[in-house]
Amino acid sequence: MAKKITKNLKKKIYNSIYNDIVRGKYTIQTILTEKELTEKYEVSKSPVREALIELCNDQVLISIPRKGYQIAQIVPKELYDAIELREIIEISSLRKTIKIINNEILNELNNYIDQTVKIRDEHDALKHWKRNIGFHLLLCSYSDNKWMYDTIKSILSFCTRGAIQFYSKIWAKNNKIFEENVRSHLNLLKAIEDKDYQLAEDLLVEDIYAMKKILF
């Protein structure tokens, strides 16, 4: 029972630290310490240490001996490599989905986009980004391939940190990026509905590489 409680605490602390990172509450220069986090969450050192170790294993944090933990800085090359892998997997996933596409799937995708449109005017970069990756995960889920889905989920988690690190200030000043993102998803869905599958692939690739275009 005690182990289960510790495991649940570790998960909660892991998620809390991760969410604080992607929301920009910590900078690249911030040093996180076990003492500070133990006091913040009002828990013992054990679940905090385990959460920090797991964040290091997931390459979210790096351990600095005798100092604490620091956010692992993402360099552009790492982000570009992740984007390239996204293209390979998401295109393969789309091709599998196209083979079994039906009205139920199309309606679900349309409903998801409709919900995204409702928050279009909200100036919350992370909220918009999560809706963006949610669309890609939903599209990938229809391929019925757990390895594809889990890999894309992991890549998008990495890209989330990259998005916050490189694009948060740009997004805060340019809300049109969100509108373009929604328009891109609508155009992709229309191409699928029209059975123009080559166009659908081209639009998906364009949407995936939008991050790189914004950076440059």
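Tutor: A crossing is left-handed if the near helix is turned anticlockwise from the far one by less than a right angle, and right-handed if clockwise. The crossing of α5 and α8 is left-handed. This is a predicted model: local features need pLDDT of at least 70, side-chain atom pairs count only at pLDDT 80 or more, and totals for chains, interfaces and linings use all residues. Residues are numbered from 1 along each chain, and side-chain values use heavy atoms, without hydrogens or water.

Student: Why are α5 and α8 called roughly antiparallel?

Tutor: Helix α5 (residues 103-117) packs on α8 at about 165°, with the axes 11 Å apart. Angles over 145 degrees count as roughly antiparallel (under 35 is roughly parallel, 65 to 115 roughly perpendicular, the rest oblique). Therefore α5 and α8 are roughly antiparallel.

Student: Which α5 residues make the contact?

Tutor: L106, L109, N110, I113, T116 and V117 of α5 make it (heavy atoms within 4.5 Å). Their α8 partners include V182, H185 and L189.

Student: What makes α8 roughly antiparallel to α9?

Tutor: Helix α8 (residues 176-193) and helix α9 (residues 197-208) pack at about 160°, with their axes 8 Å apart. That angle makes α8 roughly antiparallel to α9. α8 passes α9 in a left-handed crossing.

Student: How do you know that R86 is buried?

Tutor: R86 sits in helix α4 (residues 76-99). Its relative accessible area is 2%. Buried means under 20% (exposed over 50%, partly exposed in between, 1.4 Å probe, protein chains only), so R86 is buried.

Student: What does the R86 side chain join in a polar contact?

Tutor: The side chain of E90, at 2.7 Å. A polar contact needs N or O atoms within 3.5 Å, one able to donate a hydrogen and the other to accept it. R86 also touches other residues, including H136, C159 and I208.

Conventions. Axes fitted to C-alpha atoms, helices over the stretch in contact; angles between N-to-C directions. Helix = DSSP H or I, 4+ residues; strand = E, 2+ residues; numbered from the N terminus. Lists of a residue's contacts leave out its neighbours within four places in sequence.
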